[in-house]
Every structure is written in C-alpha cells, then in structure tokens.
Amino acid sequence: MIKFVDFISRAKAETLEDQDNLAIISVSEPKVDPALLALPESRILRLSFHDIDPGNEDVSFWKLFDEEQARSIIDFVDQLHAASRQFELMVHCRAGISRSAAIALYVANATGCRFPRRPFAGLAN
C-alpha cells in the first residue's frame, strides 16, 4: 500500500537511492531524455507531456496530458496500493511544483496516504 506521497524536482529525483519501499512517477517533457533513476523500471511509471494550460494557449504543437496517461497513473497507483508491502511514492517533474504536485494530490485523495506537503501544492497544474 502507499503510505506516503511527495512531489519533487527531477534533479532531486535523480539523487534518490534505490530502496525497496520506494516508487516513482517520473514526468518529463517530450523529446527530453528520461530522468536517470536508480530504481528498477518495475517501480517507475514514466510519463511525457508538456506543462501547458490548454485553456490559455494554442496547444496544437504541444503534447498534453491525456486520458491514456491518466489511466496509467490510476493503474500504477492501484497496483502499488494493493500490494502487501508499504511504498513511499515520489512524483517528479522538471521543477517539481506543478505537474508533480497535481499527481501527488490525486494519489493522496485516491489512497488516503500521508501527504505532509499538501499545503505547498498550490501551483498544481
């Protein structure tokens, strides 16, 4: 089960050491190399979309967050939360303030896990 969630920057995620209880949702921009993470790929969900508010911009050339990516987050979170062991889930994006915060908010709401930095998720996108 997921006992804890937090949102962090890509730079911080790349410094994390592998721990058996750690899982990561890794958000990168399209056409950018994926983050270099020390965990096995089985505990990483990799996503790629731009940090864009589709209501405010011409989005024809941007890759937006879509239903398929939402489903992959739901499935990954459900799988971790159904596990017999406990996980700490880190969610990262480039800066660690908007896309990752939004996903962490979803995880906390869906699972009821601890989310101590919830008050700092005000820039969630």
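At 22% relative accessibility, Leu105 counts as partly exposed, a class that lies between buried (under 20% relative accessible area) and exposed (over 50%), as found with a 1.4 Å probe and protein chains only. This is a predicted model, in which local features need pLDDT of at least 70 and side-chain atom pairs count only at pLDDT 80 or more, whereas totals for chains, interfaces and linings use all residues. Residues are numbered from 1 along each chain as its sequence is written, and side-chain values use heavy atoms, with hydrogens and water left out. The chain has three helices and four strands, where helices (H or I, at least four residues) and strands (E, at least two) are DSSP runs numbered from the N terminus.

**Overall fold and dimensions**

- Read from the N terminus on, the elements of the chain follow the order β-α-β-β-α-β-α.
- The radius of gyration of the chain is 14 Å, close to the 14 Å that the globule rule gives for 125 residues, so the chain is as compact as a globular protein of that length; the radius is taken over C-alpha atoms, and the rule is 2.2 Å times the number of residues to the power 0.38.
- Taken along the principal axes, the box filled by the C-alpha atoms of the chain is roughly 45 × 30 × 25 Å.
- Among contacts (heavy atoms within 4.5 Å) between residues at least 6 apart in sequence, 61% join residues at least 24 apart.

**Surface and charge**

- Of the 125 residues of the chain, 41% count as buried.
- The chain exposes about 7000 Å², of which carbon and sulfur atoms supply 53%; accessible areas come from the Shrake-Rupley method with a 1.4 Å probe, and for residues only the protein chains shown count as cover.
- There are 14 positive and 18 negative side chains in the chain, and the centres of the two sets lie 5 Å apart; Lys and Arg count as positive and Asp and Glu as negative, while His and the chain ends are not counted, and each charge is placed at NZ of Lys, CZ of Arg, CG of Asp or CD of Glu.

**Nonpolar cores**

- In soluble globular proteins, nonpolar side chains tend to be buried together.
- The largest nonpolar core has 25 residues, of which Val5, Ile25, Leu47, Leu89, Ile103 and Val107 touch the most other members; such a core is a set of buried Ala, Val, Leu, Ile, Met, Phe, Trp, Tyr and Cys residues joined through side-chain atoms within 4.5 Å.
- At least two residues of this core are supplied by each of β1 (2-9), β2 (22-28), β3 (44-48), α2 (67-82), β4 (87-93) and α3.
- The largest share of this core, five residues, comes from α3.
- Another core, of ten residues, lies apart from this one, and its members include Ile24, Leu37, Leu39 and Ile44.

- Ile103 has its place in helix α3 (residues 99-111) and counts as buried at 6% relative accessibility.
- Not counting residues up to four places away in sequence, Ile103 touches Ile25, Val27, Leu47, Ile73 and Val91, while its C-alpha atom is separated by 9.9 Å from that of Met90, 13 residues apart along the chain.
- Leu105 also lies in helix α3 and, leaving aside its neighbours within four places in sequence, is in contact with Phe115, Arg118, Ala121 and Ala124.
- The C-alpha atoms of Leu105 and Val5 are separated by 8.6 Å, although the two residues are 100 residues apart along the chain.
- Val107 touches Ile2, Val5, Val77, Leu89, Gly112 and Cys113, not counting residues up to four places away in sequence.

- Leu45, which lies in strand β3, is buried, with a relative accessible area of 12%.
- Beyond residues up to four places away in sequence, Leu45 touches Ile24, Ile25, Ser26, Ser72, Ile73 and Phe76; the C-alpha atoms of Leu45 and Val91, 46 residues apart along the chain, are separated by 9.4 Å.
- Lys31, in the loop between β2 and β3, counts as exposed at 90% relative accessibility, and its phi is near 65°, a positive value in a residue other than glycine.
- Phe49 lies in the loop between β3 and α2 and counts as buried at 6% relative accessibility.
- Leaving aside neighbours within four places in sequence, Phe49 is in contact with Val27, Ser28, Glu29, Pro30, Lys63, Leu64, Phe65, Gln69 and Arg99.
- The C-alpha atoms of Phe49 and Gln86, 37 residues apart along the chain, are separated by 29 Å.
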